[in-house]
Amino acid sequence: MGSAYKWIKFLHVIAAVTFMVAYGTSIAISFRLKQEQEVERIKAMLDVSGTMWAAMMLSLLVAGIAGIVLGFMLSWWSEWWIWISIVLLLVITILMFIIGQGTYHQLRRSLGMPFQAGSKEMPAQEPAPVEESYAIIAGTKPGLMMLVGYGGFIVVIWLMMFKPF
């Protein structure tokens, strides 16, 4: 294989590792939020998780583009595994938005932090009673998010490494 292939494969792997580090940070925070009672600590954890969001999305984009380029370089488009991987990544991404994003934006709003409404960035509002924030946290599903995200990612890695079909 040529030098370009090696560099693109390297970029693909580094982007995937970066994604998993950022994703793992956010999932760990999601689990920790379930135990936290101090509002300021909850806000700080949400800020860290929000910072990881940009790293997750950028690294996912870079990994996806590098993977598509590799697909063309190695003529993988007639292979089922690459198509299944792409569809699976899209399904995982959509499910993660459905499971988590609305809940955490709602939590940010209830705590008086800037939040997103759809794709629009909203300014901080007056905080709701803290019991509302605790109720939102109680309704989060970090285990399901970990299962979908991490479990799905394992399947994608298996497809890429073993190319079963």
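Predicted model: local features only at pLDDT ≥ 70, side-chain atom pairs only at ≥ 80, totals over all residues.
Trainee: What does the protein average in pLDDT?
Mentor: The average is 94, and 99% of the residues score at least 70.

Trainee: Where is confidence lowest, and where is it highest?
Mentor: Strand β1, residues 115-117, is lowest with a mean of 89. Helix α4, residues 130-138, is highest at 97.

Trainee: On to His-12. Which helix is His-12 in?
Mentor: His-12 sits in helix α1, which covers residues 3-33.

Trainee: Buried or exposed?
Mentor: His-12 counts as buried because its relative accessible area is 15%, and the cut-off for buried is under 20%.

Trainee: What lies 2.8 Å from a polar atom of the His-12 side chain?
Mentor: The backbone oxygen of Ala-63 does.

Trainee: And which residues is His-12 in contact with, leaving aside neighbours within four places in sequence?
Mentor: Ala-63 again, along with Ala-66, Gly-67, Leu-70 and Met-160.

Trainee: Switching to Gly-152. Where is Gly-152 found?
Mentor: In helix α5, residues 142-162.

Trainee: Why is Gly-152 called buried?
Mentor: Because its relative accessible area is 9%, and buried means under 20%.

Trainee: Which residues does Gly-152 contact, with neighbours within four places left out?
Mentor: Leu-88, Ile-92 and Leu-147.

Trainee: How many residues apart are Gly-152 and Thr-93 in sequence, and what is the distance in space?
Mentor: They are 59 residues apart in sequence, and the C-alpha to C-alpha distance is 9.8 Å.

How values were computed: Residues numbered from 1 in each chain as written. Heavy atoms only, no water. Helix = DSSP H or I, 4+ residues; strand = E, 2+ residues; numbered from the N terminus. Buried < 20%, exposed > 50% of the residue type's maximum accessible area, 1.4 Å probe, protein only. Polar contact = N/O pair within 3.5 Å; in protein donor to acceptor, adjacent residues only side chain to side chain. Contact = heavy atoms within 4.5 Å. pLDDT = per-residue confidence, 0-100.
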